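Dear colleague,

I am handing over the structure below, and after it you will find what turned up when I went through it. Please read the notes with the coordinates open beside them.

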Amino acid sequence: MSSQTPYTAGSYQLIDLSYIEQISNGDKAFEKEIVQIFVEQIPQDLALLKQHFAAGDFSKVKQSAHYMLPSISILGLETKLKVELEALEALESAYKVLRRHIETIDKVCNTARAEAIELLHSYA
């Protein structure tokens, strides 16, 4: 990491910036843009996931979970949500279990979003 990096590895509870650092090749404007997209997109993704689940549209739940993977992966959240996302994509669990998985995804993503917002402020 360069001395200009506004964060340090491990400084966040959930997000892991290793992948972003790797693909950005030190371009902080690019890193900021990627983080900004996550901050803007994840609330919409979560809302759709919960909406489809509430409506009982499990094919769209599966689709929404799959669609969220790139956003989740770019900030290193895939290992933290692997079990939950795989369960939603497979749809082999009981309704109550799937609901708990969605609640976990929601909590982790919202906490990660707060961390990402904090990170965005450090780029200023």
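Asn 25 sits in the loop between helix 1 (18-24) and helix 2, where helices (H or I, at least four residues) and strands (E, at least two) are DSSP runs numbered from the N terminus. Before going further, please note that this is a predicted model, in which local features need pLDDT of at least 70 and side-chain atom pairs count only at pLDDT 80 or more, while totals for chains, interfaces and linings use all residues. Residues are numbered from 1 along each chain as its sequence is written, and side-chain values use heavy atoms, with hydrogens and water left out.

To return to Asn 25, this residue has a positive phi of about 55 degrees although it is not a glycine. Most residues other than glycine have a negative phi. Asn 25 is also exposed, with a relative accessible area of 74%; buried means under 20% relative accessible area, exposed over 50%, and partly exposed in between, with a 1.4 Å probe and protein chains only.

Next, the aromatic residues. The structure holds 3 aromatic pairs, a pair being rings of Phe, Tyr and Trp (its six-membered ring) with centres within 6.5 Å, counted as stacked if the planes are under 30 degrees apart, edge-to-face if over 60, and tilted for the rest. One of them joins Phe 53 and Phe 58, whose ring centres are 5.8 Å apart and whose planes stand at 80 degrees, so this pair is edge-to-face. Phe 53 also pairs with Tyr 95, this time stacked, at 4.7 Å centre to centre and with 20 degrees between the planes. Because Phe 53 lies in helix 2 (residues 28-54) and Tyr 95 in helix 5 (residues 95-123), the pair ties together parts that are 42 residues apart in sequence. Phe 53, Phe 58 and Tyr 95 form one aromatic cluster, in which Phe 53 is buried at a relative accessible area of 7%, whereas Phe 58 is partly exposed at 28% and Tyr 95 is partly exposed at 43%.

Two helix contacts follow, with axes taken as lines fitted to C-alpha atoms, for helices over the stretch in contact, and angles running from 0 to 180 degrees between N-to-C directions. Helix 3 (residues 58-74) and helix 4 have axes that come within 9 Å and cross at roughly 165 degrees, which means that helix 3 is roughly antiparallel to helix 4; angles under 35 degrees count as roughly parallel, over 145 as roughly antiparallel, 65 to 115 as roughly perpendicular and the rest as oblique. The residues of this contact between helix 3 and helix 4 divide into 7 nonpolar, 2 polar and 3 charged (Ala, Val, Leu, Ile, Met, Phe, Trp, Tyr, Cys and Pro count as nonpolar, Asp, Glu, Lys and Arg as charged, and the others, Gly among them, as polar).

Helix 4 (residues 78-90) packs with helix 5 at an angle of about 135 degrees, their axes being 9 Å apart, and helix 4 is therefore oblique to helix 5. The residues of the contact of helix 4 with helix 5 comprise 10 nonpolar, 2 polar and 1 charged.

Finally, Asp 106 has its place in helix 5 and counts as buried at 19% relative accessibility. Leaving aside residues up to four places away in sequence, Asp 106 touches Leu 46 and Lys 50, contact meaning heavy atoms within 4.5 Å.
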